[in-house]
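I opened the notebook to look at one protein chain. I wanted the overall layout, the surface and the charged pairs.

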Amino acid sequence: MKKYTYHSMFALPFALTFASDAFANDSDTPNSNWQHSIEIYALALNIRGDSKINNLSADVDVDPQFIMDKIDMGAMAHWESVYKNTWGFYIDYSFMKLSGKTDSLLQKDLNVVSGSMDIRQGVLEAKVFRRYQYDFGFVDYMAGIRWWDNDIDSRVRSENGLIDNSKSLDVDWVDYLIGARLTTPLSASWDFYFNGDIGLSGDTNFTSSIQTGVRYAINDWSNLNLGYKSTWVDYDNGDTFAYNTASQGFLLGWAAHF
């Protein structure tokens, strides 16, 4: 099996992204039993590990600058709802599309070969939780899924026209998760949180994610999220696709609650 270091193959937050705790304030809404929040956030992602498409193996070594240079579009958002400060759920979605080209590949006969690659990934995380109050704050005990959806398109062409190959790969899978989230107040305006989960699936040997940080109450309806996120995944479908990486980075988000 050939092995390369190919940054543009998987420069995505596979773990994509993996979210924020968009409801940290424990204030009751007088006219409703429900409390809701929506958060937009950004993640300065670093990805380290290895991956495989068919018989091509590659080291993954990606930093935030590389992602910013190659990104075509992206979005990260988080919705959370809590009923009577007891039962709740959240949905977190992150999406990125990266593209890269090169005209500097050479064959053994020195014929110039050009290549291009487009990578699109969406990561959807959905969890339900039960909240318990303690003297130090509250803990949400969670269960849910993380759905990974990857589309990869590549093309290699030579100047003499003898080579013109295109390949596409569409892979998606679901990981099943359990976890917990601790939130404790530091002051009237600051809260500390720690969120962790662990899971697996038929083709995922292991996956886990942790996120920790603080929230600052800007006013009575919004807050600022300053955190750090790390996600590990070891996926191999035994046929066309394998992905074994650790992704981590600092997170900045803004949430509105109502």
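Where is Trp221 found? I located Trp221 in the loop between β10 (204-217) and β11. I note here that the model is predicted.

**Entry: Trp221**

The cut-offs matter here: partly exposed runs between the 20% limit for buried and the 50% limit for exposed. I then listed contacts, leaving aside neighbours within four places in sequence. Trp221 touches Trp254, Ala255, Ala256 and His257. I also took a C-alpha distance.

**Entry: nonpolar patch**

I looked for nonpolar surface around Trp221. I found a patch of about 870 Å². Its members are Ile40, Leu186, Trp190, Tyr216, Ile218, Trp221, Leu226, Leu252 and Trp254. I picked out Leu226, which lies in strand β11 (residues 222-236). Leu226 has 37% relative accessibility, so it counts as partly exposed.

**Entry: whole chain**

I stepped back to the fold. I counted 1 helix and 12 strands. Along the sequence the order reads β-β-β-α-β-β-β-β-β-β-β-β-β. The protein has 258 residues, and 47% of them count as buried. I looked at contacts with a separation of 6 or more; residues 24 or more positions apart account for 64% of these. The accessible surface comes to about 12700 Å², and carbon and sulfur atoms hold 58% of that.

**Entry: salt bridges**

Side chains of opposite charge can pair when their charged atoms come close.

Glu125 and Arg146 pair at 2.7 Å, N to O. Glu125 is in strand β6 (residues 112-134) and Arg146 in strand β7 (residues 137-158), so this bridge ties together parts 21 residues apart in sequence. I logged both Glu125 and Arg146 as buried.

Lys127 bridges to Asp197, with the closest N and O atoms 2.8 Å apart. This pair links distant parts of the chain: Lys127 is in strand β6 and Asp197 is in strand β9 (residues 190-200), 70 residues apart. Lys127 is buried because its relative accessibility is 3%. Asp197 is buried too, at 6%.

Asp140 and Arg131 meet at 2.7 Å, N to O. I read a relative accessible area of 0% for Asp140, which is buried. Arg131 is buried at 2%. Through shared partners, salt bridges join Glu80, Arg131, Asp140 and Arg181 into one network.

Key: Residues are numbered from 1 along each chain as its sequence is written. This is a predicted model: local features need pLDDT of at least 70, side-chain atom pairs count only at pLDDT 80 or more; totals for chains, interfaces and linings use all residues. Side-chain values use heavy atoms; hydrogens and water are left out. Patches are made of residues with over 30% relative accessible area and no salt bridge: like charges are joined within 9 Å, nonpolar side chains (Val, Leu, Ile, Met, Phe, Trp, Tyr) within 5 Å. Accessible areas come from the Shrake-Rupley method with a 1.4 Å probe; for residues, only the protein chains shown count as cover. A salt bridge is a side-chain nitrogen of Lys or Arg within 4 Å of a carboxyl oxygen of Asp or Glu. Helices (H or I, at least four residues) and strands (E, at least two) are DSSP runs, numbered from the N terminus. Buried means under 20% relative accessible area, exposed over 50%, partly exposed in between (1.4 Å probe, protein chains only). Contact means heavy atoms within 4.5 Å.
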